[in-house]
Amino acid sequence: MEHIKAVIFDLDNTILNRTRTFEGFTQSLIRTYFGHMESTEQIQQRIIELDEDGYKDKPRLFDELLEELPWTEAPPHEELMAFYGREYVRNSVLMDEAREVVQHLKGRYLIGLITNGQTQIQYGKIDQLGIREDYDHIIVSEEVGVKKPDLRIFTLAFEHFGLKPEQCIYIGDHPLNDIRGAAKAGMSTIWMKVNQPWPEEMEVTPLHTIQQLRELKALL
């Protein structure tokens, strides 16, 4: 690993515990709009199922929720979108030891972050967690107009650092968007195994597979 000069992370379900963050949002939604119901467990499970681990377009998700859920009086779509922007950010939770691991690495590597998503939401979560200053460079897909797995978003990162792709290692949870995308851009990769299954047809292989960020201390 002596040739590696930069460690670049994904955000959701890599640095940020997106599963717990969205669960917190769903609980806020249920408390606000479904206090009339005795049991809400099925509603929470359905919201999480429809969200598809964050990969469903949010306007479409809220269209489906407005149609399916047992509202006493369905709120306007724009009200729900605003509620999401506020409460999802407010419920942000870090992965275990995320900040400690990043700060451990920062003394020896440049530290970057590449995330798909809306600029306001993604920076909102980063600032809610107080981690913006932990990263030497942050790229949000909406802000730069290109998203993973497009090679250009990875190129923006290593060019910003003035490095070659082989001098960077990328860590993320999504096999296609993160691991294949970064590998196609010429970067080494580490797969963070969380919710996304590894496709049998994948033609790239990460250097390592981890389940906890603390494992990086022994690898980097």
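**Reading the features in turn**

Tutor: Let us begin with Glu97, which is found in the loop between helix 4 (77-90) and helix 5 (98-106). Please keep in mind that this is a predicted model.

Student: Is Asn13, which has a positive phi although it is not a glycine, buried or exposed?

Tutor: Asn13 is buried, with a relative accessible area of 2%; the cut-off for that word is under 20%. Its phi is about 60°. Asn13 lies in the loop between strand 1 and helix 1 (18-33).

Student: Where is there a cis peptide bond?

Tutor: Again the general idea comes first: most peptide bonds are trans. Here a cis peptide bond joins Lys148 and Pro149, with omega at about 15°. Pro149 is found in the loop between helix 7 (141-144) and helix 8 (151-160).

Student: How should I read a strand, and which way do the residues of strand 1 point?

Tutor: One looks at the direction of the side chains and at the pairing partners. From strand 1 (residues 6-9), Ala6 and Ile8 point one way, Val7 and Phe9 point the other way, and all are buried. Strand 1 pairs with strand 2 (residues 110-115) in the parallel sense over 4 bridges, and Phe9 stands opposite Leu113 in strand 2. Strand 1 also runs parallel to strand 4 (residues 168-172), to which 4 bridges join it. In strand 4, Cys168 is the bridge partner of Ala6.

Student: How many residues of helix 6 are buried, and what covers them?

Tutor: Helix 6 (residues 119-129) is mostly covered, since 8 of its 11 residues are buried. Among them are Ile121, Gln122, Lys125 and Leu129. The cover of these buried residues includes helix 4, helix 5, strand 2, strand 3 (137-140) and helix 7. Gly130, whose phi is positive, near 70°, follows helix 6.

Student: Which residues touch the most other members of the largest nonpolar core?

Tutor: The general idea is that, in soluble globular proteins, nonpolar side chains tend to be buried together. The largest nonpolar core here has 29 residues, of which Val7, Phe9, Ile15, Tyr135, Leu213 and Leu216 touch the most other members. At least two residues of this core come from each of strand 1, helix 5, strand 2, helix 6, strand 3, strand 4 and strand 5 (188-192). Helix 5 gives the most to this core, with 4 residues. Leaving aside residues up to four places away in sequence, Tyr135 touches Phe9, Ile15, Val102, Lys106, Ile111, Gly112 and Leu113. A second, separate core of 20 residues includes Tyr33, Leu61, Leu65 and Tyr84.

Student: What does Pro70 touch, and where is its place?

Tutor: Pro70 has its place in the loop between helix 3 (58-68) and helix 4. Not counting residues up to four places away in sequence, Pro70 touches Phe34, His36, Met37 and Ile43. Pro70 is partly exposed, with a relative accessible area of 39%.

Methods:
Residues are numbered from 1 along each chain as its sequence is written. This is a predicted model: local features need pLDDT of at least 70, side-chain atom pairs count only at pLDDT 80 or more; totals for chains, interfaces and linings use all residues. Side-chain values use heavy atoms; hydrogens and water are left out. Buried means under 20% relative accessible area, exposed over 50%, partly exposed in between (1.4 Å probe, protein chains only). Two strands pair if DSSP finds at least two bridges between them. Contact means heavy atoms within 4.5 Å. A nonpolar core is a set of buried Ala, Val, Leu, Ile, Met, Phe, Trp, Tyr and Cys residues joined through side-chain atoms within 4.5 Å.
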